[in-house]
Each structure stands twice: as C-alpha cells, then as structure tokens.
Amino acid sequence: MEAGTWRFLVSFLPLVLYLLYIFYSGYSSPQPTTSGCSLLPHQHYWIASKRIVTPHEIFSGAAEINGGSIISLVKEKDWLERVKNEPVIDYGEAVVMPGLIDVHAHLDDPGRTEWEGFPSGTKAAAAGGITTLIDMPLNSYPSTVSKETLRLKLEAAKGRIFVNVGFWGGLVPENAFNASILENLLNAGALGLKSFMCPSGINDFPMTDATHIKEGLSVLAKYKRPLLVHAEKQQEIELIDGEGDPRSYSTYLKTRPASWEEAAIRELLSVSKDTRIGGPAEGAHVHIVHLSDSRSSLELIKEAKSNGDSLTVETCPHYLAFSAEEIPDGDTRFKCAPPIRDEPNRQKLWEALLDGDIDMLSSDHSPSVPELKLFSEGDFLRAWGGISSLQFVLPVTWSYGLKHGVTLEKLVSWWSEKPAKLASQDLKGAIEIGKHADIVVWDTESEFDLDENHTVHVKHPSISAYMGSRLTGKVVATFVNGNLVFEDGKHAPDACGTTILA
C-alpha cells in the first residue's frame with residue numbers, strides 16, 4: 001500500500017476511536033433543540049456563575065454550551081473576552097453543578113400510571129434538579145424481566161419524559177437460570193439488573209436467593225454491568241402481647257429489624273466474592289440499594305470491599321432526614337422497607353456517608369395512590385410502603401447535611417459522579433469539556449416551606465413524608481442535553497428527554 005494511502009487511513013483513526021468509545025460507553029446523543037424542548041431558544045450559549053462546580057475546583061466564570069454538550073469552561077477574568085454573539089445567562093451567586101443522577105426510582109409506567117407515570121415523575125425530577133434517572137423494573141406492569149417487557153417501557157416513555165431515563169432489568173427466578181433471556185434483556189439495552197432477597201410485594205417480581213444471584217452475576221460479568229440488590233432476608237418475628245398496635249411505628253419497626261438486612265448481606269457476600277479480580281464473575285458488580293442499618297450490615301460491607309469485592313452501597317435521604325422516634329402514630333407516609341431506624345443509627349449513616357463507606361445517594365422514589373397508604377386507619381402493618389421524594393432530594397440532602405458539614409463537592413460525588421459510574425454514563429455526572437450539558441442551577445441560601453402553596457409535580461403530593469417540612473436550597477433551573485427544561489417553576493412545553501440504552 002502506498003504511503004499516501006496509509007496517511008489517508010491514519011487520518012481517520014481518531015474518528016474511528018471516538019465512535020468506538022461512544023458505542024461502548026452506552027452513549028445516547030443529546031436531542032437537538034426544538035422550539036418546544038427548551039425555554040431557551042438557543043443551542044449555543046453561555047452559563048455564567050460565581051460558583052461552577054467541576055471535578056477539580058469551584059470557580060467563578062462561565063460554561064459554553066453548544067449542541068447539547070459543554071464545549072469550553074472559562075474563568076471570570078477571561079470569559080467576557082471569549083463571548084462574541086452568543087447569549088449569556090448569568091446566575092450570579094447561584095451554584096451551577098452537574099445535574100443529579102438518580103439510580104433508583106419507580107415511575108410505575110406502564111401499567112400503574114395512576115401511581116405516578118413518566119410525565120409527572122420526570123417533571124418532578126426536572127423541578128428537583130435531576131437530569132437523569134434510572135427506572136426500576138418493578139411497580140410498573142408488567143415488570144421489566146425480558147426484552148419484550150423492556151420494549152413496553154421504551155414505548156411508554158416515547159415523547160413523555162422531560163429528563164433522561166434509563167432502565168434496570170429484573171433478575172427473578174423465572175429468568176435467573178436462563179442465560180439467553182438475561183442476555184436478550186441486556187442486549188436490548190438494560191443498564192444492569194435488580195433483584196429482591198425478600199418478597200417485593202409485586203406478584204410478577206418474586207424474590208431471589210444466592211443461587212439466582214450467582215447465575216445473574218455470571219451473565220453480567222460478560223457485559224460489565226451491575227446487579228442492584230434489595231438486601232433484606234425475611235425471618236420469623238413474634239410480637240409480645242401489648243406490642244402489636246398497628247398504628248404505632250415502633251410496631252412496624254419491630255417486624256423488620258436490622259437483622260433482616262444483616263442476614264441478606266451475609267448471604268449476598270457469599271457470592272459477591274466472585275466479582276473479585278480473577279474470580280468467576282470478574283467484570284460484574286454488586287450494588288446494595290437503600291441501606292438502612294448503619295451497624296452490623298455496614299461493617300459486613302466494609303469488610304467485603306476491603307477483600308476486593310466489586311461492591312458499592314447507597315442510602316437515601318429519608319434515612320438521613322428522619323428517625324423512628326419522631327414518626328407520629330398512624331402517619332403511614334413514613335413507611336418504607338427497609339424501615340427508617342433510630343436516631344443513633346441515623347447519625348452513623350451520616351458518618352459512613354461522609355467517610356466514604358456509603359458510596360452514593362438515591363431517592364428510592366416509590367409512590368402509590370393515596371388509598372393504599374390507609375391514612376384513615378393509620379395501619380403501618382397493612383399500608384403500602386414507599387417514600388415519595390423525587391422533587392425534594394437535593395434540598396433535603398442539603399438541609400439536613402448542613403449541620404454535618406456537607407460540601408458542594410460531596411453533593412456532586414454522591415448525586416452525580418458515582419451514580420454516573422454505576423450506570424456507565426461516562427459522558428454525564430460532571431461539568432467538564434465534552435460532557436453532556438446536564439446541569440442544575442440552585443440557590444443554596446433560599447428557604448421554602450413544602451406546603452399547599454408550593455407547586456409539587458409528583459402525581460400525589462399528599463403521600464410524601466416531606467410535606468410540611470421547611471427546606472433550604474431551591475432549584476432555579478435545570479438543563480437536560482443543553483435544553484432549559486425547567487426555570488423558575490415553569491417547564492418546557494415538550495417532553496424531549498432521551499431514553500438511555502446500554
């Protein structure tokens with residue numbers, strides 16, 4: 001081959017490598033701006049602020065956005081010289097940081113849209129500064145346990161999402177021993193799998209044990225994707241006479257003790273060791289969702305990490321904001337599984353989060369219709385469990401974290417950087433050149449009351465345990481793929497979020 005031909009081919013090598021990177025990083029390209037997708041009629045513009053949070057520093061300056069991506073970052077002394085004819089949105093002292101990535105939300109669509117649904121759920125996400133969420137495979141109907149049921153999710157999401165939405169598939173006994181079903185589900189774009197080690201409450205999503213999980217990990221290893229696990233193992237509980245008032249939160253707490261989490265995690269770690277370097281499931285990853293027990297369960301997780309298990313763990317704002325002692329009798333808004341535990345446990349969760357033993361946060365937004373909460377009876381044992389929280393997680397984390405010394409850098413780590421890594425979203429989770437322009441702008445000083453005068457976008461505000469709270473930290477604007485989808489209480493008219501497939 002002639003030298004000129006070689007030079008011609010080599011000149012295309014960077015393009016080829018870039019396209020391969022895009023293909024293997026699970027990339028979904030930002031949607032081009034159309035008139036209804038954005039409250040801002042520009043594709044090329046600048047966002048200026050005194051506080052822009054990047055992986056390396058917080059600086060005063062501006063981020064240049066074009067075609068849905070961040071194309072330059074310029075500090076204050078230089079950026080005015082760089083701006084030519086492009087518009088500038090100057091947010092002053094408001095914080096500009098990467099949009100939140102919520103890896104654990106139940107939007108109940110299709111099949112149970114009376115509980116939530118893609119439109120209301122993603123509007124609430126946008127109003128809360130969440131730019132990407134990963135939808136759980138259960139509480140919708142049917143549950144997402146095959147390529148066919150994933151396609152139903154994709155059809156339901158089409159033209160109805162205001163933020164980016166990806167999907168976890170389900171690991172259940174019916175598909176755990178059939179590698180082809182799991183492979184087809186992962187090939188169809190599921191970002192990973194989710195399983196329950198206790199009854200889920202959903203008939204078509206039965207519980208798994210270590211044998212099912214071991215099989216799932218062996219398949220996931222080929223794809224280098226995670227298994228998310230609800231780690232509670234059901235045990236016999238006997239209530240002493242006089243301790244069984246169903247309106248008392250303490251009764252419910254006794255029925256799901258921390259030993260359930262500990263037992264499940266012990267069993268889970270018997271197979272998570274396969275994910276170590278050189279192990280039979282190397283490449284797979286285990287992620288424990290919504291950890292509530294900050295004592296023995298957390299110690300087991302720390303030991304497994306130190307032994308080399310590929311393992312991460314999340315907790316949720318409701319475990320950091322509330323304690324069992326303050327939950328009123330009959331107020332079933334606070335019921336969730338695993339349950340909110342005592343005040344010393346809450347303080348230890350904060351310590352573990354700040355020390356890095358807990359890796360990240362998620363909402364576990366799990367709504368229902370109000371009737372299932374049994375408000376008139378106040379029966380904690382029979383009411384549907386789940387905390388409705390999607391719109392509030394940023395101000396809740398900030399409000400309750402201030403007394404613990406939470407920083408903006410910590411928020412970005414817990415809510416953006418580490419969730420992006422878990423979901424293999426390499427072009428999200430940070431304000432850096434080349435990343436998607438998924439950005440939240442918020443006022444760290446602004447206080448507000450969550451009452452009837454505050455606009456809430458989830459379908460059923462009355463079921464949220466956060467209603468009645470006074471919070472600090474108000475979302476000013478949310479950009480998704482460069483589109484201004486929310487600002488000052490108003491959403492863009494069209495739902496132009498992107499579905500994310502692996």
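With a relative accessibility of 47%, E447 counts as partly exposed, a class that lies between buried, meaning under 20% relative accessible area, and exposed, meaning over 50%, as found with a 1.4 Å probe on protein chains only. The side chain of E447 meets that of R470 in a salt bridge, with N and O 3.2 Å apart; a salt bridge here is a side-chain nitrogen of Lys or Arg within 4 Å of a carboxyl oxygen of Asp or Glu. R470 lies in strand β16 (residues 470–480) and E447 in strand β15, so the pair ties together parts that are 23 residues apart in sequence. Helices (H or I, at least four residues) and strands (E, at least two) are DSSP runs, numbered from the N terminus.

This is a predicted model, in which local features need pLDDT of at least 70 and side-chain atom pairs count only at pLDDT 80 or more, while totals for chains, interfaces and linings use all residues. Residues are numbered from 1 along each chain as its sequence is written, and side-chain values use heavy atoms, with hydrogens and water left out.

By the salt-bridge rule, the count comes to 25. Another of these pairs joins K428 and D438, whose closest N and O atoms are 2.7 Å apart. Both residues lie in the loop between α15 (408–422) and β15 (439–449), so this pair ties together parts that are ten residues apart in sequence. K428 is buried at 6% relative accessibility, and D438 is buried with a relative accessible area of 6%. Salt bridges can also form a network, as they do among E299, K302 and D357.

A further salt bridge, between E267 and K233 (2.9 Å, N to O), links distant parts of the chain, with E267 in helix α10 and K233 in the loop between β11 (226–230) and α9 (249–255), 34 residues apart. E267 is buried, at 17% relative accessible area, whereas K233 counts as partly exposed at 32%.

α8 and helix α10 (residues 258–272) pack at an angle of about 35 degrees, with their axes 9 Å apart; the axes are lines fitted to C-alpha atoms over the stretch in contact, and angles run from 0 to 180 degrees between N-to-C directions. The contact, which means heavy atoms within 4.5 Å, is made by A210, I213, K214 and L217 of α8 and by E267, L268, S270 and V271 of α10.

A cis peptide bond joins Y141 and P142, with omega about 0 degrees, and P142 is placed in the loop between β7 (130–135) and α5 (147–157). Another cis peptide bond joins A337 and P338, with omega about -5 degrees. D364, although it is not a glycine, has a positive phi of about 45 degrees, and D364 is buried with a relative accessible area of 8%.
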